[in-house]
Amino acid sequence: MTERTAPDWLTKYSFAHRGLHSGSKGLGRRDAVPENTRAAIRAAIDRGLGIECDIQLSSDGKPLVFHDFDLQRLTGAIGKVADRNADELCTLQIAGTEQKIWTLADMLDEVAAQVPILIEVKSQASFSHEDISRVSAACLKDMYDYRGVISVMSFDSRVPEWFSRHASDVVRGFVGTDTHRNGFEGLWHNPAAMERAQPDFLAADLRDIEAPTASNWRARGKPLLTWTVRTAADRFKAEAYADALIAEGDGVP
């Protein structure tokens, strides 16, 4: 795998997981701050935290800041994000609040280079290479003129691989888990996948942070981030095994 120096901002910040939000217990309250919303991003900026967010693609190819493939948990609407266009999706309110789904372009305007951003490009094992190219290219288009520090990452090694081939200057990460059942568990241990992805950093599941893949990566002087840090005990473990935290709730330093 080609070696290059990762930017130092990756390890100088803690990152608010889906922005600095109220968590699932706050959902349904009018004063809640739902995940991945403008309010959550603004709260992270005000706290001086980096931002981790998720990207889904609308039916008309617009990158939206939203975690789930399905709409119901967060909006109450039935159906998938990918089946609706961006204009329609951006009218949907989140968790009973005045916050709405918004675009990556609008989020970048809000952050305006004030803090670093980790963009997790959502994927499924069933996605074709064409699907990966479509979502990656759409993200790159919105990121192209952004003047702040930013990176992309994914559980799917095909996303950082796409960026390594088509936009190699973009900082890219490989998200790893053995525990979270999403179709990509264990992939980060695959040397061929790692070679194709050419990541600048790893973001490992805290539950699997003691795996040799993580410790060997860090021993080479490469940045190791970990998620999701939710409690003080999580934070203690994360600080022992990783270089930067992706945190929420009581896990936020």
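## The largest pocket

In this predicted model, the largest pocket holds about 540 Å³ of space. Its lining is made up of 30 residues, and those that lie nearest the centre of the pocket are Arg18, His67, Phe155, His180 and Trp227. Sorted by class, the lining comprises 11 nonpolar, 8 polar and 11 charged residues.

Several strands contribute to this lining, with at least two residues coming from each of strand 2 (50-57), strand 5 (117-121), strand 6 (150-154), strand 8 (201-205) and strand 9 (224-229).

## Ser164 in helix 6

Ser164 belongs to helix 6, which covers residues 158-166. Its relative accessibility is 18%, and because the limit for a buried residue is under 20%, Ser164 counts as buried.

A polar atom of the Ser164 side chain lies 2.7 Å from the backbone oxygen of Glu161. When residues up to four places away in sequence are left out, Ser164 touches Arg172, Arg196, Ala197 and Gln198.

## Arg235 in helix 9

Arg235 sits in helix 9, which spans residues 232-241. This residue counts as partly exposed because its relative accessibility is 22%, a value that falls between the under 20% of buried residues and the over 50% of exposed ones.

Not counting residues up to four places away in sequence, Arg235 is in contact with Val229, Leu245, Asp250, Gly251, Val252 and Pro253. Arg235 and Ile150, by comparison, are separated by 85 residues in sequence and by 24 Å in space, taken from C-alpha to C-alpha.

Technical notes:
Residues are numbered from 1 along each chain as its sequence is written. This is a predicted model: local features need pLDDT of at least 70, side-chain atom pairs count only at pLDDT 80 or more; totals for chains, interfaces and linings use all residues. Side-chain values use heavy atoms; hydrogens and water are left out. Helices (H or I, at least four residues) and strands (E, at least two) are DSSP runs, numbered from the N terminus. Buried means under 20% relative accessible area, exposed over 50%, partly exposed in between (1.4 Å probe, protein chains only). A polar contact is a pair of N or O atoms within 3.5 Å; within protein, one must be able to donate a hydrogen and the other to accept it, and residues adjacent in sequence count only if both atoms are side-chain atoms. Contact means heavy atoms within 4.5 Å. On a 1 Å grid over the protein atoms alone, a cavity is a set of points where a 1.4 Å probe fits but cannot get out, and a pocket is an open set with protein on both sides within 12 Å along at least five of seven lines; lining residues have an atom within 4 Å of a point. Grid points are joined across faces, edges and corners, and a volume is the space filled by probe spheres set on the points. Ala, Val, Leu, Ile, Met, Phe, Trp, Tyr, Cys and Pro count as nonpolar, Asp, Glu, Lys and Arg as charged, and the others, Gly among them, as polar.
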